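Subject: Structure handover and findings

Hello,

Please find the structure below, followed by notes on what turned up in it. The notes go through contacts, salt bridges, backbone angles and cavities in turn.

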Amino acid sequence: MNYLSVENISKSYGERILFQHISFGINAGQKIGFVAKNGTGKTSMLNILSGKEAPDEGNVVYRKNLTVAFLSQEPNLDPKLTIEETIFASKNPILKIISTYEKALQNSHDAELYQKAFDAMDANNAWDFETRYKQILFKLKLEDLSQKVGKLSGGQKKRLALANALLTQPDLLVMDEPTNHLDLEMIEWLEELFAKENFTLFMVTHDRYFLERVCNEIVELDEGKLYSYKGNYSYYLEKRDARIENEATETAKAKQLYKKELDWMRRQPKARTTKSKSRIDDFSDIKSRAHQRRNDHEVQLELNMERLGTKVVELHNISKSFDEKKLFQNFEHNFLRGERVGIIGKNGTGKSTFLNIVTGNMVPDSGKVVIGETVKFGYYTQKGIAIKPGQKVIDVVRDFGDYIPLKKGKQISAQQLLERFLFDRKKQYDFVDKLSGGERKRLYLCTVLIRNPNFLILDEPTNDLDIVTLNVLESFLLDFPGCLIVVSHDRYFMDKIVDHLFVFRGDGVIQDFPGNYSDFRTYEDSTPSEKPIPSESDSKTKNDWKDGNEKAKLSYNEQKEYKKLEKEIAKLEKDRETLQNKFATENWDGEEIDKQSQHLQKIMDAIDSKTERWFELSAKMEEG
């Protein structure tokens, strides 16, 4: 079934042409990944498909009554609402169906109206809406439903917008970087959801494993032309390479023909027959094909960095906690020359703290860090770089260095480094405040690399980078001869770059795993889980909704307990947050700190206990 047709659309901004005369269709069941370089119109294409923006020319024709949901990179949410109120304030058609049903209940004398509303609830699986939205919010780590949107981080807002989009159950879901701000556990849950649910998707994402596992078609906008590949990301890479190789062959043939025709044109034949005029007209087309150039960049640098000694970085029994939260305890590791480590773990398990301790920006509670004399850190943090007002791109990099020394006495200048990371000479003299988020990330990378470090530490370097830039960065890192630590949720990137993993398990445990992320995932999948994971199956029947939100498979007392637990856990988490904030703001003496620390521990123990019981009741509801 054809959902929509894109007919000959074009889009420009000022003199910059994003795309011209593009046509394609989206059918039911397609899961399309849209691939293009940053700045070539990806976001505009998503806005046009979702109706947020109009093309300059052409049309987008939608099937009648098509429901489209759009997940943007920067969601626009009401800061005054709570998380739960945001769900109910959305334009979700299920909410209208529920409202109609509740009104029909109040007018039960109208049997026809009631039956119609009941059938609509049935047809749209509206009976379990409450359970469904709570499960999705829980999966996305948004457990405190009473928390105001204005107090959420950017990542939490993105996750809330994702929950709203999923709950809409749209015919077509258009998404801009859906995996940003999700940890690996959330990403894999989302992959499974898209695999088993009948979503039709059109999305932009830099997460290549997500493209691999979710998409059944890749559409690429390259050099102003649209190419479609009916397969996953691996299939796309294979066919794209074949296409580029074929284009290179055709360009080489065109160059040979161009030389021949150029020689003929220079001889300027005196007699201009119809045939020769036709040949002259064809000459400009041959010239255009012969001068075609791909704007692909490869980083091939033989860096001449300071050689690492036998002592690099040694971690001796380091431990770190914040209040009662134990991040890691008695961890030991000696880094060797050329070692390449990936770090994975849930948000909040201490990954960034660990990096700050390794680099000496933070001290451990116990243990010590010994750094070799020749070690020169290059630390790419999530905070980014502070830009001076009115600075141009080239000036930012030159503040940190003018060149990188290469082997054999050669060097690469700041300009050349920027070119390798996709800043052409014109772009280098743009003001930094004109750059997009992805371009600022690339610029920040260049400021780290121009200092010629021999121990690189990258904390989420792939966020906001397009696939082309990721390939450039990977090429650089594969040739990088020094030590490397990478924290990333990009599994494809990790598999390509690192040799082993530090897995942050929580509760103070760091596991050194001898392999890349795919090896780790295979190992984890082969290990029996300790607890059953609640499924997404229905946990509310039609009569449950009608009779007052009763829960299937639970006794009356268990139903009351389940509802009570949800409220108690939310209150305890709010109390925990309030008390944790007081540790930073109150001027307590040592005795009061001990007293409040004990109180905080009691709250955290109560949360753990009640959450475990909540899971038990949830699992019981979903049995059978």
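Two residues count as being in contact when they have heavy atoms within 4.5 Å. Before the findings, the basis: this is a predicted model, in which local features need pLDDT of at least 70 and side-chain atom pairs count only at pLDDT 80 or more, while totals for chains, interfaces and linings use all residues. Residues are numbered from 1 along each chain as its sequence is written, and side-chain values use heavy atoms, with hydrogens and water left out.

Asp-495 sits in helix H16 (residues 491-497). Helices (H or I, at least four residues) and strands (E, at least two) are DSSP runs, numbered from the N terminus. Setting aside neighbours within four places in sequence, Asp-495 is in contact with Tyr-209, Asn-516, Tyr-517 and Ser-518. Asp-495 is buried but has no salt bridge, and the nearest side chain of opposite charge, Arg-213, is 6.5 Å away. Here buried means under 20% relative accessible area, exposed over 50%, and partly exposed in between (1.4 Å probe, protein chains only). For charge, Lys and Arg count as positive and Asp and Glu as negative, while His and the chain ends are not counted. A salt bridge is a side-chain nitrogen of Lys or Arg within 4 Å of a carboxyl oxygen of Asp or Glu.

Thr-67 belongs to the loop between strand S4 (57-62) and strand S5 (68-71). Thr-67 counts as partly exposed because its relative accessibility is 28%. Apart from neighbours within four places in sequence, Thr-67 is in contact with Thr-168, Pro-170, Asp-171 and Leu-172. Thr-67 and Asn-92 are 25 residues apart along the chain, and their C-alpha atoms are separated by 9.9 Å.

Salt bridges

Side chains of opposite charge can pair when their charged atoms come close. The whole structure contains 27 salt bridges.

One of them is in helix H5 (residues 129-139), a mostly covered helix with nine of its 11 residues buried. The buried residues of H5 include Phe-129, Tyr-133 and Ile-136. Glu-130 forms a salt bridge with Lys-134, with the closest N and O atoms 3.0 Å apart. Both residues of this pair, Glu-130 and Lys-134, lie in H5, four residues apart, or about one turn of the helix. Glu-130 counts as buried because its relative accessibility is 12%, and Lys-134 counts as buried at 18%.

Another salt bridge joins Arg-243 and Glu-220, whose closest N and O atoms are 3.1 Å apart. This pair links distant parts of the chain, with Arg-243 in helix H9 (residues 233-266) and Glu-220 in strand S8 (residues 217-222), 23 residues apart. Arg-243 counts as buried at 13% relative accessibility, as does Glu-220 at 4%.

Lys-610 forms a salt bridge with Glu-568, and the closest N and O atoms are 3.0 Å apart. Lys-610 is in helix H20 (residues 590-622) and Glu-568 in helix H19 (residues 556-585), so the pair ties together parts that are 42 residues apart in sequence. Lys-610 is partly exposed at 24% relative accessibility, and Glu-568 is partly exposed with a relative accessible area of 24%.

There is also a network of salt bridges, which links Glu-191, Asp-207, Arg-213 and Arg-491.

Positive phi

Most residues other than glycine have a negative phi. Asn-65 is not a glycine, yet its phi is positive, about 65°. Asn-65 lies in the loop between S4 and S5 and is exposed, with a relative accessible area of 65%. Glu-460 has a positive phi near 55°; its place is in the loop between strand S17 (455-459) and helix H15 (467-479). Glu-460 counts as buried at 5% relative accessibility. Lys-141, which follows H5, has a positive phi near 60°.

Cavities

A cavity is a set of points on a 1 Å grid over the protein atoms alone where a 1.4 Å probe fits but cannot get out, and lining residues have an atom within 4 Å of a point. Grid points are joined across faces, edges and corners, and a volume is the space filled by probe spheres set on the points. The whole structure has two cavities of 30 Å³ or more. The largest cavity has a volume of about 60 Å³, and its lining includes Phe-34, Lys-42, Glu-177, His-206 and Ile-467.

Regards

Note on methods:
On a 1 Å grid over the protein atoms alone, a cavity is a set of points where a 1.4 Å probe fits but cannot get out, and a pocket is an open set with protein on both sides within 12 Å along at least five of seven lines; lining residues have an atom within 4 Å of a point.
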